[in-house]
Amino acid sequence: MERPFEKDDCIKMRRLFEAVAGTTRLEEPEQEHLHKCQLCRGVFLIFVNLYSNPSVASSKKPTAA
Ligand SMILES: [Zn+2]
């Protein structure tokens, strides 16, 4: 069983990636944590950069959806 996320926990990288990819939404406590935690924000920004980097995406396309 997964224990509930607590504000002082760091968010799992997979969750951050899925949030960036848009396949999941961060829960409110996770969002609060993201605002306060430099580590998680750093990871989050890395994923954002990766995801929006045209050299990673196969082609430059206007934001779909
Ligand atoms: Zn954290």
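The axes of helix 1 (residues 13-21) and helix 3 come within 9 Å and cross at roughly 40 degrees. Axes here are lines fitted to C-alpha atoms, for helices over the stretch in contact, with angles running from 0 to 180 degrees between N-to-C directions. Helix 1 is therefore oblique to helix 3; angles under 35 degrees count as roughly parallel, over 145 as roughly antiparallel, 65 to 115 as roughly perpendicular and the rest as oblique. The crossing of helix 1 past helix 3 is right-handed, a term used if the near helix is turned clockwise from the far one by less than a right angle, and left-handed if anticlockwise.

This is a predicted model, in which local features need pLDDT of at least 70 and side-chain atom pairs count only at pLDDT 80 or more, while totals for chains, interfaces and linings use all residues. Residues are numbered from 1 along each chain as its sequence is written.

The chain has three helices and zero strands, in the order α-α-α along the sequence. Helices (H or I, at least four residues) and strands (E, at least two) are DSSP runs, numbered from the N terminus.

| Element | Residues in the contact |
|---|---|
| Helix 1 | Met 13, Leu 16, Phe 17, Val 20, Ala 21 |
| Helix 3 | Cys 40, Val 43, Phe 44, Phe 47, Val 48, Tyr 51 |

Two residues are in contact if their C-beta atoms, placed from the backbone, lie within 7 Å. The residues of this contact divide into eleven nonpolar, no polar and no charged. Ala, Val, Leu, Ile, Met, Phe, Trp, Tyr, Cys and Pro count as nonpolar, Asp, Glu, Lys and Arg as charged, and the others, Gly among them, as polar.

The largest nonpolar core has six residues: Ile 11, Leu 16, Ala 19, Val 20, Cys 40 and Phe 44. Helix 1 and helix 3 are the elements giving two or more residues to this core, and helix 1 supplies the largest share, three residues. Such a core is a set of buried Ala, Val, Leu, Ile, Met, Phe, Trp, Tyr and Cys residues joined through C-beta atoms within 7 Å. Leaving aside neighbours within four places in sequence, Ala 19 is in contact with Thr 24, Arg 25 and Leu 26.

Cys 37 is found in the loop between helix 2 (28-36) and helix 3 (38-52). Cys 37 counts as partly exposed because it has 17 C-beta neighbours inside 10 Å; 20 or more make a residue buried, 12 or fewer exposed, with C-beta atoms placed from the backbone. Buried residues make up 12% of the 65 residues in the chain.
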